[in-house]
Amino acid sequence: MTLDETRPGQAFTVLSIADEMARLQAIRFGIAEGARAICQTVLPGGPVVVRKGKQEMALGRSLAHRIQVQPVEG
């Protein structure tokens, strides 16, 4: 599944990032392969708000669509 398909409150681990440009953008937010985070909010037609540690960030929908994630239980 991709990051833009996650639901609020869902924890996930980043599996892969589609291309080099997306990878660079994600790294600026502190998101890389293996990172764990929680989806805070998915705004309709807008960004996906993610919390990693104490930091919250809004990732654009097109970037979120290029990030493959795996849901984490608990």
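Predicted model: local features only at pLDDT ≥ 70, side-chain atom pairs only at ≥ 80, totals over all residues.
1. Val48 stands opposite Leu59 in β4. Five bridges join β3 to β4, and the two strands run antiparallel. Their hairpin has two residues between the strands, and Gly53 in it takes a positive phi near 70 degrees.

2. The sheet as a whole is open and has five strands, in the order β4-β3-β2-β1-β5, with antiparallel pairing. The edge positions belong to β4 (55-59) and β5; each has a single partner strand, so one side of each is left without a neighbour in the sheet. From one strand to the next the twist averages 45 degrees.

3. On β1, the pairing is as follows. β1 and β2 are antiparallel and share three bridges, with Phe12 opposite Ala37 in β2. β1 also pairs in the antiparallel sense with β5 (residues 67-71), here over five bridges; Ile17 has Ile67 of β5 as its bridge partner. β1 is mostly covered, five of its seven residues being buried.

4. How does helix α1 begin, and what follows it? Asp19 caps the N-terminal end of α1 (residues 20-28), with a side-chain oxygen 3.2 Å from the backbone nitrogen of Met21. Just after α1, Gly30 takes a positive phi of about 85 degrees.

5. How many salt bridges does the structure hold? There are three salt bridges. In one of them the side chains of Asp19 and Arg66 meet at 3.4 Å, N to O. Asp19 lies in the loop between β1 and α1, and Arg66 in the loop between α2 (61-65) and β5, so the pair ties together parts that are 47 residues apart in sequence. Asp19 is partly exposed at 27% relative accessibility, and Arg66 is partly exposed with a relative accessible area of 25%.

6. Arg23 forms a salt bridge with Glu20, with the closest N and O atoms 3.0 Å apart. Both residues lie in helix α1, three residues apart, about one turn of the helix. As background, an α-helix has 3.6 residues a turn, so residues three or four places apart point the same way. Arg23 is partly exposed, with a relative accessible area of 24%; Glu20 is also partly exposed, at 48%.

7. The side chain of Arg23 meets that of Glu33 as well, in a salt bridge of 3.4 Å, N to O. This pair links distant parts of the chain: Arg23 is in helix α1, Glu33 is in the loop between α1 and β2, and ten residues separate them. Glu33 counts as partly exposed, at 39% relative accessibility. Through shared partners, salt bridges join Glu20, Arg23 and Glu33 into one network.

8. Is Asp4 buried or exposed? Asp4 is buried, yet has no salt bridge. Asp4 lies in the segment before β1 (11-17). Its side chain makes polar contacts with the side chains of Thr2, at 2.4 Å, and of His65, at 3.3 Å. Beyond four places in sequence, Asp4 touches Val42, Val48, Arg61, Ala64 and His65.

9. Thr2, the partner of Asp4 in the 2.4 Å polar contact, also lies in the segment before β1. Thr2 counts as buried because its relative accessibility is 7%. Leaving aside neighbours within four places in sequence, Thr2 is in contact with Ala64, His65, Ile67, Gln68 and Val69.

10. Pro47 lies in the loop between β2 (36-42) and β3 (48-52). At 28% relative accessibility, Pro47 is partly exposed. Not counting residues up to four places away in sequence, Pro47 touches Thr41, Val42, Ala58, Leu59, Gly60 and Arg61. Pro47 and Leu63 are 16 residues apart along the chain, and their C-alpha atoms are separated by 9.0 Å.

Terms used
Residues numbered from 1 in each chain as written. Heavy atoms only, no water. Helix = DSSP H or I, 4+ residues; strand = E, 2+ residues; numbered from the N terminus. Buried < 20%, exposed > 50% of the residue type's maximum accessible area, 1.4 Å probe, protein only. Lys, Arg positive; Asp, Glu negative; His and termini not counted. Salt bridge = Lys/Arg side-chain N within 4 Å of Asp/Glu carboxyl O. Polar contact = N/O pair within 3.5 Å; in protein donor to acceptor, adjacent residues only side chain to side chain. Contact = heavy atoms within 4.5 Å. Pairing = 2+ DSSP bridges. Axes fitted to C-alpha atoms, helices over the stretch in contact; angles between N-to-C directions.
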